Amino acid sequence: LRSELSQVIEREKYVIPQHQVPDKLQKYQDLSSFQCLQFAVDCLQETYRKNDPEKYGQIVRILLESEHIFVSGFRGLAGPARHLGPLLSTYPRHVEYFCDADTRCVEKLLDYGPHDCVILLGAERYSRMTCVLAEMAHDAGCRLIVITDKLTAPFAGDADIVLPPDLASPSPTNPYIRAKLLIAALALQLHRPTGAYP
């Protein structure tokens, strides 16, 4: 059973592959606190470079045109999803967010349709629930916005817009700050006079 379980975990990418851990430890073990800070700054700059500023304007237009907005993120990006959900709810109405992979989010998404928007956050060790929600959003004809580490993420294929933060990290966890940079850029666009500033 133990052998079977380890194969399932490896196949589904729910954990960092074991062969990558020693390489990561060796690469980053001698990093000083200053080097860690510089590493984070470099990744923030790379996140900025990866995402065309026009994307934020497109997302704001989608959000303002949507009747309902559904935000979800699990595992390593549950924290940024918890930040994005309440932040959006101060501008467009009818925003709901889910950070627990249970049946409530599936039941809620059943009511969504072409006039609604779904925002999904996810990074490697992708949650199967995120893939299910993306498929449901596609089938319902929702506008889909994805914040994920790779354009090849399994739930990014049908997205209208993909925002990839640089999630490189010396630790085995996903750093929140790069995803929060994207969220801050969205908030800035929403604050603009042409946006939804209350």
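Here is a short walk through the model, stop by stop.

Before you click, note that this is a predicted model, where local features need pLDDT of at least 70, side-chain atom pairs count only at pLDDT 80 or more, and totals for chains, interfaces and linings use all residues. Numbering starts from 1 along each chain as its sequence is written, and side-chain values use heavy atoms, with hydrogens and water left out.

**The whole chain**

Start with a cartoon view: the protein has 8 helices and 5 strands. Trace them from the N terminus and you get α-α-α-α-β-α-β-α-β-α-β-β-α. Of the 198 residues, 44% count as buried (buried is under 20% relative accessible area, exposed over 50%, partly exposed in between, using a 1.4 Å probe and protein chains only). Among contacts (heavy atoms within 4.5 Å) between residues at least 6 apart in sequence, 70% join residues at least 24 apart.

**The largest core**

Now select Ile69, Val71, Leu88, Ile119 and Leu121, the residues with the most contacts inside the largest nonpolar core, which has 32 residues. Such a core is a set of buried Ala, Val, Leu, Ile, Met, Phe, Trp, Tyr and Cys residues joined through side-chain atoms within 4.5 Å. Elements giving it two or more residues include strand S1 (69-73), helix H5 (78-89), strand S3 (117-122) and helix H8 (176-191). The largest share, 7 residues, comes from H8.

Zoom in on Val71: leaving out residues up to four places away in sequence, its contacts include Leu84, Leu88, Val95, Phe98, Ile119 and Leu121. Another core, of 22 residues, lies apart from the largest one, and Tyr112, Phe155, Ala156 and Ala159 are among its members.

**Around H8**

Show H5 and H8 together. Their axes come within 9 Å and cross at roughly 10°; axes are lines fitted to C-alpha atoms, for helices over the stretch in contact, and angles run from 0 to 180 degrees between N-to-C directions. For side chains, pick Gly79, Pro80, His83, Leu84, Leu87 and Leu88 in H5, which meet Tyr176, Ala179, Lys180, Ile183, Ala187 and Leu190 in H8.

Next, bring in H3 (residues 33-50), which packs on H8 at about 35° with the axes 10 Å apart. Here Phe39, Ala40, Cys43, Leu44, Thr47 and Tyr48 of H3 face Ile177, Arg178, Leu181 and Leu182 of H8 in the contact.

Select Ser72 in strand S1. Ser72 is buried, at 1% relative accessible area, and it touches Ala81, Phe98, Ile119, Leu120, Leu121 and Leu133, not counting residues up to four places away in sequence.

Move on to Arg75, in the loop between S1 and H5. Arg75 is partly exposed at 37%, and has a positive phi of about 50° although it is not a glycine. Most residues other than glycine have a negative phi.

End at Thr130 in helix H7 (residues 128-140). Thr130 counts as buried at 3% relative accessibility, and touches Phe74, Leu120, Leu121 and Phe155, again not counting residues up to four places away in sequence.

Definitions and conventions:
Helices (H or I, at least four residues) and strands (E, at least two) are DSSP runs, numbered from the N terminus.
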